Amino acid sequence: MHQAFTRKTYTLQRKMLSIANQYRIFNPEGNLVMYSKQKMFKLREDIRIYQDEAMSRELLVIKAQQVIDFAASYQVIDASSGASVGFLRRKGFSSLVRDHWQLLTPSREILGKIEEDQLGKALLRRLLLGSLLPQSYSVDIAGKPAAEFRQKFHLLRYELVIDFSLDDQQVLDPRLGLAAAVLLAAIDGKQN
């Protein structure tokens with residue numbers, strides 16, 4: 001596994017007013033460790049994550065399994081080996097009010113879930129406040145907390161703090177967790 005995936009915390013940033021969505025992932029020291037630039041006008045989502053802005057080495061691929069993403073499933077692939085890391089599946093109707101995702105193993109067995117924070121906050125966000133009310137997500141593996149994603153409020157950028165420190169047993173593959181964070185940021189960018 002690439003050294004970029006060895007940290008307990010990361011910060012993901014996306015500029016709010018840029019034409020193409022670009023995601024920069026920083027380690028706790030503030031150094032860029034991953035970069036992604038989302039291709040525009042793709043029918044089927046295909047997000048590539050690189051080790052730097054020069055896109056010199058591809059680390060992860062996130063591929064939509066179908067064109068329509070209402071209850072979409074995305075495969076996460078380790079670019080160096082070509083092996084599947086797992087799948088992220090959005091739970092369609094329940095995600096209308098509050099985001100719900102399933103984390104799946106490479107053989108598509110349920111590993112855990114990602115849930116947006118409280119229902120009341122999710123409703124306020126969708127109906128009134130939009131991005132003025134930051135989101136947070138809990139990641140559970142087999143019913144135990146494994147990670148947290150917390151959005152920080154900024155006027156000109158989207159910022160998500162990714163924290164894997166709850167995962168004492170290292171049950172969650174950080175590649176799958178980071179792919180989930182990038183995917184959540186991409187979907188938030190489309191919705192706003």
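Modeller: From the N terminus on, the elements run β-β-β-β-β-β-β-β-β-α-β-β-β-α, that is, 2 helices and 12 strands. Helices (H or I, at least four residues) and strands (E, at least two) are DSSP runs, numbered from the N terminus. This is a predicted model, in which local features need pLDDT of at least 70 and side-chain atom pairs count only at pLDDT 80 or more, while totals for chains, interfaces and linings use all residues. Residues are numbered from 1 along each chain as its sequence is written, and side-chain values use heavy atoms, with hydrogens and water left out.

Biologist: What percentage of the residues of the protein count as buried?

Modeller: Buried means under 20% relative accessible area, exposed over 50%, and partly exposed in between (1.4 Å probe, protein chains only). Of the 192 residues, 48% count as buried.

Biologist: Which residues of the largest nonpolar core touch the most other members?

Modeller: In soluble globular proteins, nonpolar side chains tend to be buried together. A nonpolar core is a set of buried Ala, Val, Leu, Ile, Met, Phe, Trp, Tyr and Cys residues joined through side-chain atoms within 4.5 Å. Here the largest has 44 residues, and Leu12, Met34, Leu88, Ile114 and Phe149 touch the most other members. Helix H2 (residues 174-191) contributes the largest share of this core, 11 residues. Contact means heavy atoms within 4.5 Å; beyond four places in sequence, the residues that Met34 touches include Phe5, Ile49, Leu59 and Leu178.

Biologist: Is Ser36 buried or exposed, and which backbone atom lies 2.7 Å from a polar atom of its side chain?

Modeller: Ser36, in strand E3, counts as buried because its relative accessibility is 1%. A polar contact is a pair of N or O atoms within 3.5 Å; within protein, one must be able to donate a hydrogen and the other to accept it, and residues adjacent in sequence count only if both atoms are side-chain atoms. For Ser36, the backbone oxygen of Arg48 lies 2.7 Å from a polar atom of the side chain.

Biologist: Where is Asn27 placed, and why does Asn27 count as buried?

Modeller: Asn27 is in the loop between strand E2 (22-26) and strand E3 (32-37). Its relative accessibility is 8%, so Asn27 counts as buried. A polar atom of the Asn27 side chain lies 2.9 Å from the backbone nitrogen of Asn31. Asn27 also touches Arg7, Thr9 and Val33, not counting residues up to four places away in sequence.
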